[in-house]
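Please examine the sequence and the structure shown below.

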Amino acid sequence: MLRLAVVLLLLANAGYYAWSQGLLRGWGLAPVDESEPQRMEQQIAPQNLRLLPQGSKGAASSAAPAGPASSAPASTPAASGAAASPATAAAPAEPPACLQAGVFDARQADALRQAAAVLPEGSWTLEPTPITGRWMVYMGRFPDEEAVAKKRAELRALKIPYDRPGAALEPGLSLGRFSTEEAAQRGMALLANQGVRTARVVQERADAPGFMLRLPAVNDALRTRLDTTLQPALAGKTLRPCA
């Protein structure tokens, strides 16, 4: 069986060789001849071919890209115009913004009124905003700084935070600030459960009239004037977007 396969393979190779070399052309079995006559027959309109002199070769090659090159300048103005259009378009102005600052007490509000008097009429208002009182759980006053330092050490041992009470209540310690007296009393009761015995509730600040500065429509022109006109009278407060 293997011998038969080898014989068939040899016969197939011999047949392919005879076909590829044109030995079987007499029986009509031969590959397509790719000689020059057949190539000439496959050309399209060969009568239109024209031979140029040797000196005209450079001229023909240089003239060939003239078409594409001539079209390039035509597109240059359009491209430059497209690039210039964003630059010439004016940037849209930012819409006016509403800004506010506060709360200011009566003395600070008087200073603001004087500073804002040079601004356009209707560009600002001072709206009444009452300043609510504030209450404190307070320890003091102590006789001296040594007594204050001793009390601080006791509070640190109890892991109770403290703060300075303000110039009017020095020397002393603040154990918390509250918006109402009732909240301060509840805070003092919690501290008593933690071991604090000598604290008391005091009013740190009484109710007082307050004012909120409001600028409803601040545009670019007005914004540049605010830094020089209002900034010194803001008492450290900053202008922020309206709530």
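**Helix H6 and the overall chain**

Glu 146, Lys 150, Arg 156 and Ala 157 are exposed on the other side of H6, where exposed means over 50% relative accessible area, buried under 20%, and partly exposed in between (1.4 Å probe, protein chains only). This is a predicted model, in which local features need pLDDT of at least 70, side-chain atom pairs count only at pLDDT 80 or more, and totals for chains, interfaces and linings use all residues. Residues are numbered from 1 along each chain as its sequence is written, and side-chain values use heavy atoms, with hydrogens and water left out.

**Helix H6**

- The buried residues of H6 are Val 148, Lys 151 and Leu 155.
- Seen down the axis of H6, these buried residues fall within an arc of 65°, so they line one face of the helix; the arc is that of the directions from the helix axis to the C-beta atoms.
- An α-helix has 3.6 residues a turn, so residues three or four places apart point the same way.
- Strand E3 (134-140) and strand E4 (172-178) are among the elements that cover the buried residues of H6, a contact being heavy atoms within 4.5 Å.

**The whole chain**

- The protein chain has eight helices and seven strands; these are DSSP runs, numbered from the N terminus (helices: H or I, at least four residues; strands: E, at least two).
- Of the 243 residues in the protein chain, 23% are buried.
- Among contacts with a separation of 6 or more, 77% join residues 24 or more positions apart.

**Helix H1**

- Leu 11 lies in helix H1 (residues 2-20).
- Leu 11 counts as exposed because its relative accessibility is 56%.
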